[in-house]
Amino acid sequence: MATSENGAPRELKVIGHPLRKVDARAKVTGQTRFADDLTLPRMLHAKLLRSTEAHARIVRIDTSAAEAMPGVRAILTGDVLPEPFGILPVSQDEHTLCIDKVRFVGDPVVAVAAIDEDTAEEAVRRIVVEYEPLKHVASIDDGLAPCSDADRIHDYGTHDNVHKYVNLEFGDVEQSFEEADLVQEDSFYFEGNTHLPMEQHAALAAFDPDGKLTLWSSTQTPHYVHRALAKVLAPLPASHIRVIACPNGGGFGGKSDPFNHEIAVAKLSMITGRPVKICLTREEVFYCHRGRHPVLMWVKTGFKKDGSMTGMHFRSYLDGGAYGSYGVASTFYTGALQTVTYPVPRYKFQGARVFTNKPPCGPKRGHGTPQPRFALEVHLDKVAHRLGLDPAQMRLDHLVPPNSLTANYLRVGSMGLGACIEKVVEGSAWKERYGKLPEGHGLGLACGSYLSGAGLPIYWNRMPHSGVQLKLDRSGGVACFCGSTDIGQGSDSVLAYVVAEVLGIDPFAIRVVTADTDLTPVDLGSYSSRVTLMTGNAALQAAERARELLAQAVAKKLEVPAVRLTFAEGRVFDVEDAERGMTFAEAVQAAEAKFGTIGTVGSYAPPASAGKFKGAGVGPSPAYSYTAIVAETFVDPETGIVEVPRIWCAHDAGKCINPALVIGQIEGGVYMGLGEALMEEMTYRGNRNVVHHHPSMLEYKSPTTHEMCDVISYVIEDPDPNGPFGAKEVGQGPLLPVMPAVANAVFDAVGVRVDEVPVTPEKVLRALQAKARGRDPRTGPTRLPEVAWRPPMRVPPPWEGGTGEALPREGVEVTK
Amino acid sequence: MLRLPTFRYLRPESVEQAVAWRTDGGPEAAFVAGGTDLYPNMKRRQQTPPIVIGLGRIPELRGISGDSDTGARVGATTTLTRVCEDPFLVEHYPEVSRAARTISTPLLRNMGTIGGNVLLDTRCNYYDQTYEWRRSIDFCMKKEGTICWVAPSSPRCWAVQSSDLVPLLCAIGGSVRLVSPRGERELAFRDLYRDDGIDYLNKQPDELLTDLRLPARDGWRATYWKLRRREAFDFPVLGVAACLRLDGDVVREAHLYLGGVGSWPIEATGACDVLVGRRLDEETIQAAAAQAYRPAKPLDNTDFHMTWRKHMVRRYVEGALRELSGDGAAPRD
């Protein structure tokens, strides 16, 4: 809560107001320069030759015909850059260009730089690559099966093609099932899908004669790209590399990894001494992927008659694609946030991620949590029916209390889910309509929660997660420097709003300089919904320090105690005598005269996690957002076609920095969730060399404005002490409940369960036909693969004497 | 972005010139009108004509004339937007305008033409892919390969008829005029198409489609129902066109064509046999629909599950017939 210097609440002038974005006019007039809009003199164009094999050894690469073409300036193969990279320190498994083998159709093998795109494209077509095919892995089942060393996709990981197992147990769940009145078991499948940003990835590299490299790129994480470039291009020192993230035309997690094409153009520029640009085709964007993992899930939960849980056992099986990417974190995330909404006294999570010969999966909006949230919320809906409870009331009766610790040691601060549920129940007239609508019409409710930033950085270090520098000029100008990247969510605007609020100036007068590793202090990037909370806190600290300097100087000059000064309307003045004051510029001049050049810094690092066990790093966050959704559906019983005319969404954002942007994120999240709920599928033809079914925007079905439902948004403001002005995230959370709410509404409409995402007409109709024949009215997975899990890590929950440390490991478990 | 291959672009100003240049250009030259089908295909290297002959400057290919008593003429390069909005067509051939409105997006309808639409290349998820993608499966028989991946044991190509106007124009019984160095001929719509994904037209490559003839408005009624994932712009995965002549409520003549479920517009003759001579009531409609779906051959090469698409034929035929009986609503635009 904002207070004045003497602690009294102060009216907020900027925060909480629906101001325009600081970059809005350039965006709406088409003047924002995205990476592909950039050109430099003598610039070359690059294209990548990508693998046409799903899994194969590279026998021979013949580039001679391409080299002979006039206009070709450089050809790069993998052997030139042997150093591997990858976003996670534990998964350094990617190369700029494949060296000895390819792992999916689309894996880059050769890069060409030429005088124009046509020449580069023609040169790529003239390159001959001879492959020796290897056995390919096309499914979770294949990935869990034993394989020969020669056929393994990677030579690291747990065993065979298993990349990672997780097995965590917080209390004895078997015992908790014995204490239950009802034990419910379900299995679910969530198909993979991708981000589909409007802007294709593009990058431009320029290596200058003085040995410095600059890369402009459409990336969400310039800091991590900087690290990857420094690793792969060594001995080029990191200090000679500058990464500038251009405004992103949508990211959604798909531009969070360092990518092959970014490193390739950097090296090509170093080789040719000329700037080199690449803009990927839409098909290549599908191959970059890093999107939603396909996840098979099983959940078993014990309930008391009142709907409270006694314990939960959750298993997830992830189809990871060909590389690690964020996958280890994704695996943990499929088991992390089940506990932060409704109390789970005992909890066991087992997760397995396998490598397959497909584009790598990674983080998409909600990163690893929408899949288990779908499972959990449909599971709860089924239980409410079995217990004869209202699904909304059952949830309301059992909410995780604020300021509490979960079984898996996540520290929940503010918790506005109850208010969210009440809002959507009221808005949708749930009590009057749920279960009472005519056949074909239904309502479904689901909830969710998401992090406001990951509690730990991607690589272990004790440094801040976000830094802000402010430069105050005697003209009254304020420049704000921060490494954060605006991917359309408005993070540049958030910096301006926070600084403007503290200094009492116009946010549109502030120059915001972001996402430039030479000019701005490190911010880890636009992922995990961390930016508003972390950069907001860093900006708040820097701005408060600046205000302090100015206040001291002004106090001296006006002979007023500093605590009596206020900063507002571009002035600094005495609260008791508003006439007594000066302009903001004069205040800066006073401070500059007193202290010298005025610059301040702020930084932010999240509080320490409560869990101390291995794996405790995924899940903790400074604050959790909460969301409740009611979806209304119409299901045509003749066709199985599901229409969603309306969604009510209430989101606990802590405090709106800008309510217009918060509602924009809610609507955007609902839109993306609706696509996942009804149609989006990132699928492959396993029997046809594992090619992507349809890597195009026409055939990868995603909703248009025509399919978009009405959204009734409610913002719940329950300020969190860890957020700047109490703000929590909104970028990802509102997506999570959409899929289960739609599935639950389909059940209310026609009495069938589709335990799979997407909920397609074919699946609904199959379930309806089963119902008509008196069979189980359900479509969904019917079997689970066999897994020899590693022994669980046992961590007693806090209420069973646990300290957050793990007990020693023992035993092996086999499950079917 | 995908790049177009290089090609020579010619702009004839008369039909005669266009046809002559096409002959001079050799077998690989291609006509283009709006280019909304050809150019994306060229970017994907499905077609790589070295010479492209643009028809946009030939006034006689544009425009709408005639009347509903004797039949109307629509020039081949008339844009789909014009077909949607032209007051004469909207008044006298509303089902044609309505079917045209289901084609793609407003932007593409501004470029796309009625002639281009009725000659639309057959589509397939194994074929409408980039050169590199198709290389990953060693190509298919429609372009550069030897196998039909949709049905590998089949000797033929199963690419799908995907124009929305074709089933409707077959049902109402229009015709086209084709001009070549050998002269001109008129061909009924129903005879323009062949049941083959590759060789899908009974039109010689050097024949220029100049006009479409719509039949006289003499008592028939027709409709077109389209199934697709997104009403904003998808190709049909099923199109049902029905044209009936009724005597009171008894069906005297019936033409039912299915689009999107085979390589050509499939005539549902079994359903027509059921309809003719019977009252168009719910019983007849269901009996006809039960016959109509039999000849449909949806395969795994479009959006949606093929079994479900086949099932949907019955539902859509019922919907179309109910609409024509006056008991059901028209499909939403």
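Strand β7 of chain A pairs with strand β35 (residues 793-794) of chain A in the parallel sense, over 2 bridges. Strands pair when DSSP finds at least two bridges between them. Strands here are DSSP runs (E, at least two residues) and helices are runs of H or I with at least four residues, both numbered from the N terminus. You are looking at a predicted model, in which local features need pLDDT of at least 70 and side-chain atom pairs count only at pLDDT 80 or more, while totals for chains, interfaces and linings use all residues. Residues are numbered from 1 along each chain as its sequence is written, and chains are lettered from A and ligands numbered from 1 in the order in which they are written.

Let us stay with β7(A) for a moment. In the pairing with β35(A), the bridge partner of L168(A) is M793(A). β7(A) also pairs with β15(A), where V162(A) stands opposite V354(A). How enclosed is strand β7 (residues 162-170) of chain A? Of its 9 residues, 8 are buried, so β7(A) is largely enclosed by the rest of the structure. Buried means that 20 or more other C-beta atoms lie within 10 Å of the residue's own C-beta; 12 or fewer makes a residue exposed, anything in between partly exposed, and C-beta atoms are placed from the backbone.

Here are some strand pairs of chain A side by side.

| Strands of chain A | Sense | Bridges |
|---|---|---|
| β7 and β15 (347-354) | antiparallel | 8 bridges |
| β2 (56-62) and β4 | antiparallel | 2 bridges |
| β26 (624-635) and β27 (642-652) | antiparallel | 9 bridges |

**Two open sheets.** The pair β2(A) and β4(A) belongs to an open sheet of 3 strands, in the order β4-β2-β6, with antiparallel pairing. β4 (101-102) and β6 (128-133) of chain A stand at the edges with a single partner strand each, so one side of each has no neighbour in the sheet.

**The cores.** Nonpolar side chains tend to be buried together in soluble globular proteins. A nonpolar core is a set of buried Ala, Val, Leu, Ile, Met, Phe, Trp, Tyr and Cys residues joined through C-beta atoms within 7 Å. The largest one has 337 residues, and V112(A), C480(A), V499(A), V742(A) and V746(A) have the most contacts inside it. Helix α15 (residues 531-558) of chain A gives the largest share of this core, 15 residues. Apart from this core lies another, of 13 residues, including C124(B) and W149(B).

A46(A), in strand β1 (residues 44-50) of chain A, counts as buried because 27 C-beta neighbours lie inside 10 Å. Leaving out residues up to four places away in sequence, A46(A) touches several others, among them V112(A), A264(A) and I278(A). A contact requires C-beta atoms, placed from the backbone, within 7 Å.

**Domains and chains.** Domain bounds come from an automatic or database domain assignment. Chain A is divided into domain 1 (24-32 + 462-604) and domain 2 (40-135 + 195-288), with centres 38 Å apart, taken over C-alpha atoms. Between these two domains, 16 residues of domain 1 are in contact with 16 residues of domain 2.

How do the chains meet? 22 residues of chain B are in contact with 27 residues of chain A. On chain B's side, α8(B) supplies the largest share, 4 residues. By class, that side has 10 nonpolar, 4 polar and 8 charged residues. Ala, Val, Leu, Ile, Met, Phe, Trp, Tyr, Cys and Pro count as nonpolar, Asp, Glu, Lys and Arg as charged, and the others, Gly among them, as polar.
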